[in-house]
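The ligand comes at the end.

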Amino acid sequence: MTRPAATLLKLDAAAAHRDCFVRLQNVDKVYAGRGGGLKAVDNVSLDLHDGEFLAIVGPSGCGKSTLMMMVAGLSPVSAGEITIRAQNVTGPYTDVGVVFQRDALLEWRTVLDNVLLQIDVRRLRRADYEKAAYTLLERVGLAGFEKSYPWELSGGMRQRVSLCRALIHNPSLLLMDEPFGALDALTREQMNLDLQKIWIDTRKTMLFITHSIWEAIFLADHVIVMTPRPGRIAAVIKIDLPRPRRLAVRETAQFGHYAAMVREQFQAFGLLKES
Ligand SMILES: Nc1ncnc2c1ncn2[C@@H]1O[C@H](COP(=O)(O)OP(=O)(O)OP(=O)(O)O)[C@@H](O)[C@H]1O
Ligand SMILES: [Mg+2]
């Protein structure tokens with residue numbers, strides 16, 4: 001068997017930082033709470049470049065959502081620094097779309113009105129965005145559901161609406177927190193294919209959080225593996241698979257090699273015990 005072109009990179013502070021869109025430098029997060037603080041994120045440094053698809057995979061509770069909330073400017077860092085386009089993140093950043101772990105659709109708004117939520121909140125002209133909303137909904141297979149309410153939709157359809165909502169203002173950066181975690185396996189595969197297509201077509205810079213080893217490898221340019229809490233970066237794995245990737249890529253030796261690299265990291269933390 002030829003050796004797959006896998007690289008396990010240790011993140012290096014001296015690595016090339018050019019074209020850096022989002023940069024985290026020595027970021028910590030400590031939540032104040034009962035019995036002292038709880039350290040959720042420990043000394044995380046990473047660079048996200050323009051048009052890159054970065055996936056973060058890590059065990060439950062290791063600080064992935066916390067990390068994403070800090071990048072979005074929705075939660076302050078306790079130490080270190082986050083910059084976007086060289087500007088310090090000190091509050092909510094607007095050129096970003098966020099898909100949260102729970103879909104957070106507003107049940108009393110129609111699908112169309114949910115997609116246009118940010119437009120209304122930001123007091124932009126609805127008429128300028130309605131066509132884009134219809135186009136996005138059509139693109140994710142929801143044409144004809146514009147006037148439906150979230151409670152009339154399946155879980156997969158709801159997450160499609162969330163994706164459209166995150167994309168409506170055409171942000172350069174998309175943050176997705178375990179967006180497909182609650183979906184059945186088949187729907188999840190379809191969502192992965194759809195997301196890959198959207199990403200290939202738009203080349204948004206992507207920070208994608210997941211528990212799923214295969215989802216991370218299938219979608220990303222780089223997979224970051226985090227340790228159990230407090231979350232630190234254990235490894236950065238470069239995924240050298242041509243796009244568009246087909247589902248069958250998972251059955252290739254190269255994919256298996258990447259999956260083994262991630263799994264070995266988890267096993268080194270004492271997770272995924274097989275006996
Ligand atoms: N607002 C908060 N206040 C206090 N502690 C918090 C808060 N949010 C998260 N935590 C704690 O920080 C740690 C990391 O939580 P976080 O939600 O970031 O993990 P996660 O990696 O996203 O987990 P999961 O994969 O289960 O979604 C957990 O121990 C959690 O209890
Ligand atoms: Mg989370």
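Val99 stands opposite Met176 in strand S8. Val99 belongs to strand S7 (residues 96-99), where Val96 and Val98 point one way and Gly97 and Val99 the other, all of them buried (20 or more other C-beta atoms within 10 Å of a residue's own, with C-beta atoms placed from the backbone). S7 runs parallel to S8 (residues 173-177), and four bridges join them. Strands (E, at least two residues) and helices (H or I, at least four) are DSSP runs, numbered from the N terminus. This is a predicted model, in which local features need pLDDT of at least 70, side-chain atom pairs count only at pLDDT 80 or more, and totals for chains, interfaces and linings use all residues. Residues are numbered from 1 along each chain as its sequence is written, while chains are lettered from A and ligands numbered from 1 in the order in which they are written.

Helix H5 (residues 155-167) is mostly covered, with ten of its 13 residues buried. Among the elements that cover the buried residues are S7, S8 and helix H4 (127-139). One of the buried residues in H5 is Cys164. Leaving aside residues up to four places away in sequence, Cys164 touches Val115, Ala133, Leu136, Leu137 and Val140; touching means C-beta atoms within 7 Å.

Around ligand 1 there are 16 residues, of which Tyr31, Ser60, Lys64, Ser65 and Thr66 come nearest; a residue counts if its C-beta atom, placed from the backbone, lies within 6 Å of the ligand. Strand S3 (38-49) and helix H1 (64-71) each give two or more residues to this shell. H1 gives the most, with three.

Definitions and conventions:
A residue is buried if 20 or more other C-beta atoms lie within 10 Å of its own, exposed if 12 or fewer, and partly exposed in between; C-beta atoms are placed from the backbone. Two strands pair if DSSP finds at least two bridges between them. Two residues are in contact if their C-beta atoms, placed from the backbone, lie within 7 Å.
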